[in-house]
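Please look over the sequence and the model before reading on.

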Amino acid sequence: MTIAIKNLHKKFGKNTVLKGVDVSVDEGRIYAILGPNGSGKTTLIKSILGMVIPDKGSIKVLDKTIKKDWKYRKKIDYLPQIANFPPNIRVKELIGMIKDLRNSPSSEQALIEQFGLEAFMDKKLSTLSGGTKQKVNLVLTFMFDSPLIILDEPTTGLEPKALISLKKIIKKEKEQGKTILITSHIMQFVEEIADEILYLLEGEIYFKGSIDTLMEQTRQNTFEHAIAALTTSDSHA
Ligand SMILES: Nc1ncnc2c1ncn2[C@@H]1O[C@H](COP(=O)(O)OP(=O)(O)OP(=O)(O)O)[C@@H](O)[C@H]1O
């Protein structure tokens with residue numbers, strides 16, 4: 001098991017976000033973490049990354065309890081929802097800086113070409129469009145070779161060609177045995193890429209299973225409607 005989460009609780013002030021999340025994630029599969037806005041998807045991801053400290057519960061990543069050992073973080077490639085880098089830095093400097101910080105083997109050239117970023121390497125980040133910044137962030141995420149990849153809204157701002165490249169890259173990583181967690185509000189993307197859905201609602205995992213199972217259980221014709229039905233149905237799937 002790549003990730004095992006037991007009875008995870010997290011509150012921000014009076015706002016209880018996670019109320020006993022129990023979930024496990026197996027190696028070599030693609031999981032989509034879904035749920036309404038504010039349901040705690042990013043909070044769950046950040047708890048796995050050690051960026052949010054839970055109030056209660058346990059998290060194991062690659063068979064180790066993360067509380068005792070921060071070194072596990074090096075085994076995760078993470079694409080944040082909003083990346084904040086210094087605006088004056090140039091793309092190639094940023095890539096170099098992240099390589100130095102991680103101090104792990106990396107291969108960025110093929111990714112730079114795949115996303116058509118060659119002409120932007122000497123540009124300052126502040127001059128890039130939103131979509132181009134996202135492509136740079138994707139290069140920073142995929143240039144390392146970690147067993148676990150976590151992508152928070154990876155499709156944000158991407159044009160169709162880049163979206164196709166992203167899907168290809170994710171599928172290739174899966175073929176290499178990587179475990180991938182993704183949050184996305186784009187159901188067509190999720191339907192194409194995910195092996196399994198983890199649906200967060202009211203602080204718990206309300207549904208875990210394949211897209212086919214979800215469609216059967218909700219008796220809906222499309223995946224988008226099945227997801228929407230989960231939020232409004234009153235019986236636990
Ligand atoms: N650092 C924080 N301090 C206070 N409240 C927070 C913090 N981080 C998250 N929250 C709150 O926790 C709740 C869950 O937020 P989270 O970002 O995890 O949701 P999400 O499911 O990822 O949402 P979205 O789909 O909108 O991206 C929200 O009500 C949010 O306001």
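**Helix packing, ligand shell and confidence**

Student: In which handedness of crossing does H2 pass H4?

Tutor: This is a predicted model, and the two elements in question are helix H2, residues 91–102, and helix H4, residues 130–142. Where H2 passes H4, the crossing is right-handed.

Student: Which residues of H2 and H4 make the contact?

Tutor: H4 contributes Val-136, Val-139 and Leu-140. By class, the residues of the contact of H2 with H4 include no polar and no charged ones, and 7 are nonpolar. The H2 side is made by Val-91, Leu-94, Ile-95 and Ile-98.

Student: Which element gives the largest share of the shell around the ligand?

Tutor: The residues around the ligand include Phe-12, Asn-15, Val-17, Lys-41, Thr-42 and Thr-43. Two elements give two or more residues to this shell: strand E2 (15–25) and helix H1 (41–49). The largest share, 3 residues, comes from H1.

Student: How many residues of the shell around the ligand are polar?

Tutor: The shell has 1 charged residue and 2 nonpolar residues. Its polar residues number 8.

Student: What ipTM does the predictor give the complex?

Tutor: For the protein chain, the pLDDT averages 93, and 98% of the residues score at least 70. The complex has a pTM of 0.94 and an ipTM of 0.97.

Methods
Residues numbered from 1 in each chain as written. Predicted model: local features only at pLDDT ≥ 70, side-chain atom pairs only at ≥ 80, totals over all residues. Near = placed C-beta within 6 Å. Helix = DSSP H or I, 4+ residues; strand = E, 2+ residues; numbered from the N terminus. Nonpolar A, V, L, I, M, F, W, Y, C, P; charged D, E, K, R; others polar. Axes fitted to C-alpha atoms, helices over the stretch in contact; angles between N-to-C directions. Left-handed = near helix turned anticlockwise from the far one by under 90°. Contact = placed C-beta atoms within 7 Å. pLDDT = per-residue confidence, 0-100.
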